[in-house]
Amino acid sequence: MRIGRILSVIVVAATLMTSSASAQAVKHIILFIGDGMSIAQVSAAEVFSRAMAGKEPGFTKLGFTQFPAQGLTTTYDSSSIITDSASAGTAMATGHKTLSGVINMDPGKTVKYKTIAEYAKDLGWKIGVVTTVSLDHATPAAFYAKVPSRGDMYDIAVQLGQSGFDYFGGGGLAQPKGKKGEQPDALELARQKGYKVVDRPEAFRALKPAAGLKLIAINQTLQDSSAMPYEIDRQPEDLALTDYVAKGIELLFNPKGFFFAVESGKIDWACHANDAAASIGDTLAFDRAIAKAVEFQKKYPKDTLIVVTGDHETGGMSIGFAGTKYTTSFDRISLQKGSYVAFDSRVLNPYKDGRTAADADFNVMIPAIKEWFGIEHAALEKSDQELLQRSFLRSMKGEVERAVQESVYLLYRGYEPFTVTLTHLANQAAGVGWTTYSHTGVPVPTYALGIGQRQFDGYYDNTDIFRKLAALMGIKVAVAAAN
Ligand SMILES: [Zn+2]
């Protein structure tokens with residue numbers, strides 16, 4: 001009994017010493033969030049990389065999956081096992097669970113929560129937020145905005161300009177002048193608050209750290225809903241996520257410290273559309289961007305922490321499909337020439353333009369589906385040929401697949417039945433299965449490298465990510481642990 005007490009005192013003292021030592025030491029935190037990225041998305045990228053190297057079946061590990069600390073993170077929100085990006089972002093940024101669709105407010109939508117980035121700003125740190133989707137989207141917004149609905153994208157954009165954060169980069173704004181385009185331009189409001197807005201690669205590359213610089217860097221090419229293009233669609237002259245991360249670290253680095261949140265948002269969008277090639281391309285690009293942070297961590301190992309996680313799984317992606325049983329052919333994924341968005345904009349939409357379903361000729365699409373997805377029409381099962389023809393007619397009639405429930409469907413748009421059928425057939429041939437166009441409730445993996453990394457071992461909740469970061473930063477906050 002006595003020895004037990006003495007031991008527990010020693011353990012408590014040791015814990016306090018470790019945490020206070022860490023609290024003093026950490027001053028660069030880079031939090032990477034792969035939207036919609038759980039173990040299937042990560043593993044698919046690894047299996048694909050191995051298949052491309054022409055080796056025996058296996059996994060070519062990504063950089064971040066070799067981080068020394070690894071955990072599993074639950075993602076449920078206050079009303080559902082299946083979260084959305086708003087409640088998941090709120091959980092990680094503030095330690096509070098809330099309803100799907102709500103950003104940094106309680107489920108009653110009256111109480112506002114302070115975010116980890118705002119606490120970091122109070123410490124005198126510089127703050128950066130980068131995303132491949134629009135800057136006013138739910139995940140980036142979770143670090144600087146407080147709104148009852150993620151659909152209030154104009155309010156989010158206005159709060160971006162009021163945040164005082166130092167660096168925003170990646171996508172543009174989805175509703176810079178409001179839903180009806182009648183409000184004052186949110187970018188102009190940000191300029192009035194002292195932000196410099198840059199949207200050309202040359203100007204971006206030329207930027208150097210400067211006292212008082214507040215920057216909004218918008219990608220030259222915006223593909224869909226003001227987002228950066230998918231990596232597999234990116235043109236060589238366009239900036240990649242890697243560029244936004246490298247520049248962010250360069251601009252944010254300062255003697256006091258920085259907090260930098262980086263989202264790869266289109267892993268999620270690709271998985272909503274059940275497009276494995278687009279998801280894998282963005283996951284690999286995410287890994288390359290994380291490698292820039294690792295280079296920085298190697299230079300400043302004593303005070304840098306990198307955490308990589310997902311906010312939830314999307315698509316119910318799996319390695320394995322009923323029709324291909326115990327086999328996979330991930331090399332087939334490389335036969336896909338562009339994302340579903342690129343196929344729509346470059347092949348399907350131009351064909352639909354000015355034509356009705358009555359004028360539609362499916363045969364015209366046969367060479368296009370071979371060129372874009374590597375699908376040999378003649379080699380398909382008869383049932384799949386019929387499925388494809390029916391989906392083509394549905395697209396010609398202007399029908400769309402509803403991705404999620406009607407109320408938020410506009411956030412993800414509808415999918416072309418023909419294109420979704422093509423990605424399904426291409427993915428199934430590779431041995432990739434999907435169960436939904438929405439999110440799922442499976443936990444996500446979390447990886448950490450650097451000072452305090454061991455805090456991220458184990459099995460914990462997404463709200464604990466806030467608590468762990470706050471503890472390492474020496475921030476005193478009382479947020480009850482999730483049960
Ligand atoms: Zn998400």
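Where is Ser225 found? The legends below take up this residue and other parts of a predicted model.

**Figure 1. Ser225 and its loop.** Ser225 sits in the loop that runs between strand 6 (215-218) and helix 9 (241-252). Its phi is positive, about 50°, although Ser225 is not a glycine. Ser225 counts as partly exposed because its relative accessibility is 32%, which falls between the 20% and 50% cut-offs.

**Figure 2. Lys325, another residue with positive phi.** Lys325 is not a glycine, yet its phi is positive, about 45°. The residue belongs to the loop between strand 10 (318-319) and helix 12. Lys325 has a relative accessible area of 65%, so it is exposed; the cut-off is over 50%.

**Figure 3. Ala358 and Met396.** Ala358 is part of the loop between helix 12 (340-352) and helix 13 (365-373). Its relative accessible area is 75%, so Ala358 is exposed. Met396 is 38 residues away from Ala358 along the chain. The C-alpha atoms of the two residues are separated by 8.6 Å.

**Figure 4. The largest nonpolar core.** This core has 53 residues. Phe32, Phe64, Phe260 and Val308 have the most contacts inside it. Helix 11 (residues 276-299) gives the largest share of the core, 10 residues. In soluble globular proteins, nonpolar side chains tend to be buried together.

**Figure 5. Surroundings of Val308.** Residues up to four places away in sequence are not counted here.

**Figure 6. The whole protein, for context.** The protein has 17 helices and 14 strands. Its radius of gyration is 23 Å, close to the 23 Å that the globule rule gives for 483 residues, so the protein is as compact as a globular protein of that length. The C-alpha trace spans about 80 × 60 × 45 Å along its principal axes. Buried residues make up 57% of the 483 residues. Of the contacts between residues at least 6 apart in sequence, 74% join residues at least 24 apart. The accessible surface comes to about 20100 Å². Carbon and sulfur atoms account for 55% of that surface. The protein has 50 positive and 50 negative charges, and their mean positions are 8 Å apart.

Definitions and conventions:
Residues are numbered from 1 along each chain as its sequence is written. This is a predicted model: local features need pLDDT of at least 70, side-chain atom pairs count only at pLDDT 80 or more; totals for chains, interfaces and linings use all residues. Side-chain values use heavy atoms; hydrogens and water are left out. A nonpolar core is a set of buried Ala, Val, Leu, Ile, Met, Phe, Trp, Tyr and Cys residues joined through side-chain atoms within 4.5 Å. Buried means under 20% relative accessible area, exposed over 50%, partly exposed in between (1.4 Å probe, protein chains only). Helices (H or I, at least four residues) and strands (E, at least two) are DSSP runs, numbered from the N terminus. Contact means heavy atoms within 4.5 Å. The radius of gyration is taken over C-alpha atoms; the globule rule is 2.2 Å times the number of residues to the power 0.38. Accessible areas come from the Shrake-Rupley method with a 1.4 Å probe; for residues, only the protein chains shown count as cover. Lys and Arg count as positive and Asp and Glu as negative; His and the chain ends are not counted. The place of a charge is taken as NZ of Lys, CZ of Arg, CG of Asp or CD of Glu.
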